[in-house]
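Let's take a friendly walk through this model, from the whole chain down to single residues. Keep the viewer open as you read.

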Amino acid sequence: MNGWTGNFLRVNLSSKSAKKEAYSEEFAKKWVGGRGFAVKILYDEVKPGTDPLGPDNKFIVALGPIAGIPAPNTGKAVVAAKSPLTGFYGDGNLGTRVSEQLRKAGYDALIVEGKADRPTMLYIEDDKVEFLPADEVWGNGTYATNDWIYGKYGKGAGVLNIGQGGENLNRYSVVRSLEGRAGGRPGMGAVMGSKLLKAVVVKGSRAIPQADPQGMKTLGHGDLKKVGQIDKESGWSIQGTTGVLSFCNEVAGLPVRNFRKTHHPDAWKLDGERLNNLRIATYGCPNCTMRCGITIHDHEGREAELDYENIGLLGSNLEIFDFPQVGSLNYLCDEYGIDTMSAGCTLSFYADAIDHGAVSGDFKFGDAERAKELLRMAAFRDGKLGNLLADGSRRMAREFGHGSEAYAMQVKGLEVAAYNCKFIPGQALAFGVAPIGAHHREAWIITFEIKFTTRESYGPEKAAKVIELQRIRGGMFESIVACRFPWIELGWGIENYPKYFNAVTGLNWTVDDFWKVGDRIYSMIKLNFLREFPNVTREADYPPAVWFDPANVDTEGPIAGKVLEVEKYDGLLQHYYDQRGYDKRGIPTKATLEKLDLSQEAAVAEKFAKLA
Ligand code: PTT
Ligand code: SF4
């Protein structure tokens, strides 16, 4: 089978056993890879009701046909499991050498089952699989763990590891890579921690099977150069993702004070220009000529990497407008291996809940030193407060009561990304219907909404745009497994990706073929949600209630006097369901599932939801 290795590696930590498992070409074409493989495997193998932090959950690292092949930005991997934060399918995408090394070792996915009897590092080298003790680094943060691994295996190995957040089962702990990246926002780090799996190290020495290796080499290397050139000419990576901060502030879309405010006069202190001035080093994922990772000295003098989401949620949203202090918060999240975004939203929720009298406490917006201490408590589950913080904003709100759930900034349990949609209806929809919870990965339509249509509209064109972007971002990029930035940031043509796919697989797909795969994946995630929560339907696709609250309007600025309107949002949601072929509850109809070649899954779904 060209393009795919045709094998998964299944490892059981309880029995310390490993086996290579072949999968069919039909499976490969139906699910493509990455998120497609992960959602299907988890749906088939992890029963509803399974404890996400128990041995029966499975931790998956999944790659796609172009992952690891030298071509624009292919050094990415999907990590997935049943999420301890949201209670259903969760995943993330991070830059790592595992992408190339696991494929060279001969596998397109790693499936980790069971639970080790002691802290363990999984070492994979082609056919060799070893279960090595990791007691020496258990309790360490990700930086020291990385150094320990570097010392043993050098910098060429593919590495995934967790920090104290994952070890202590913080529900939004992430997986980290040696490249300074982090992924798996909905608690994929905690799933590793629950299995006592501290790290995965992979080395591979085989060729990845390709239909036209020479053609792909020429195409891939040439395109890497072209993308690098476009980046240089456009200057995108001078500010990287952080270039968007001043735009968000200008258009009243910045999260400030737990999303209660949408802009701030001090926001310029955290903008991309200032960050670039403070830059001490630049990092990038493997196979990338854009290199968007910008590091600065944090308040304590350590090297900290900052992206827009981290600045928005650990900075402006906490009303901390001091770059080195925001750097420190980001550093601590990376060291502990917890998600900057959920951590930022959880802390901002806590400060807001204190402000609104839902709970008493001593944390105030703007208090960077206390925020550092709270992050530590969340990572270590230190005391009652640490335990609460480690569970994320939704669980905290349920504990606090007093109506605080309305301003816990989350959807389906996953905290909202750094875009304040108080009056950006299309992006509010994008968060509402993002399949794993409020992640911006699936669709980002803010410039379309503000520049190319009207912000006031709740019309079908916005639902159509969300679907178009979900197909590209959440469908295609997450299954072929490549970074979407060349396309989204530099305008690198979407048609290039089928070209790479066809060169490695020998198939003749067009972009349209990927849309069907993307729709199939989204339906599967939806079914995955539904079988866990059969009675939670349309309301699950609503953004946080505070965005609809007239008491929460801006009193000045571009959206003064405006918030989202419930009835109109509901109409927009209906446009989305209609265009997707979902019923009024937001469930794919039988006909939709059949059209997506999911008849078998439809038959099973009939057991927990009557399909329309
Ligand atoms: C992603 C999410 C993001 S998205 C950011 S910043 W961003 C945060 N980064 C974190 C971090 O750093 N440390 C930490 N402890 N927690 C963090 N949580 C947050 O995680 C990321 C880049 C970025 S930077 C983005 S938008 C794009 N995301 C892609 C994606 O999702 N898919 C894809 N095919 N290509 C993408 N390209 C870009 O990659 P999650 P990364 Mg991460 C330090 O994982 O769970 O998906 O959440 O991915 O390798 O770090 O690169 O302004
Ligand atoms: Fe990684 Fe940034 Fe390059 Fe994408 S553009 S591959 S996130 S360094």
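This is a predicted model: local features need pLDDT of at least 70, side-chain atom pairs count only at pLDDT 80 or more; totals for chains, interfaces and linings use all residues.

How does the radius of gyration agree with that of a compact globule? For 612 residues, such a globule would have a value near 25 Å, and the chain has 22 Å, which agrees. Along the principal axes, the C-alpha atoms fill a box of roughly 60 × 55 × 50 Å.

The inside of the chain comes next. Of the 612 residues, 67% are buried. If you take the contacts with a separation of 6 or more, 70% of them join residues 24 or more positions apart.

Helix H2 spans residues 35–45 and is mostly covered, with 9 of its 11 residues buried. Among them are Phe37, Val39, Ile41 and Leu42, and also Arg35 and Lys40. Now move to helix H17, residues 425–432. Why can H17 be called largely enclosed by the rest of the structure? Because 8 of its 8 residues are buried. They run from Pro425 to Gly432, and include Gln427, Leu429 and Phe431. What do these buried residues pack against? Their partners are strand S16 (410–411), helix H18 (446–452), helix H19 (460–481) and helix H23 (566–580).

Asp231 counts as buried because its relative accessibility is 5%, and the cut-off for buried is under 20%. Leaving out residues up to four places away in sequence, Asp231 touches Trp236, Ser237, Thr289, Met290 and Leu490. Also look at Pro486: it is 255 residues from Asp231 along the chain, yet their C-alpha atoms are separated by 8.4 Å.

The magnesium atom of ligand 1 has a single donor from the protein, the O atom of Ala182, at 2.3 Å. Ala182 itself is found in strand S11, residues 182–183. Water is not among the atoms, so sites may look incomplete.

We finish with two backbone angles. Most residues other than glycine have a negative phi. Asp126 has a positive one, near 50°. You will find Asp126 in the loop between strand S7 (120–125) and strand S8 (128–133). Arg291 is not a glycine either, and has a positive phi of about 45°. Its place is the loop between strand S13 (281–283) and strand S14 (293–297). Are these two residues buried or partly exposed? Asp126 is buried, with a relative accessible area of 14%, whereas Arg291 is partly exposed, at 38%.

Note on methods:
Residues are numbered from 1 along each chain as its sequence is written. Chains are lettered from A and ligands numbered from 1 in the order in which they are written. Side-chain values use heavy atoms; hydrogens and water are left out. The radius of gyration is taken over C-alpha atoms; the globule rule is 2.2 Å times the number of residues to the power 0.38. Buried means under 20% relative accessible area, exposed over 50%, partly exposed in between (1.4 Å probe, protein chains only). Contact means heavy atoms within 4.5 Å. Donors are N, O and S atoms within 2.8 Å of the metal (3.2 Å for Na, K and Ca); water is not among the atoms, so sites may look incomplete. Helices (H or I, at least four residues) and strands (E, at least two) are DSSP runs, numbered from the N terminus.
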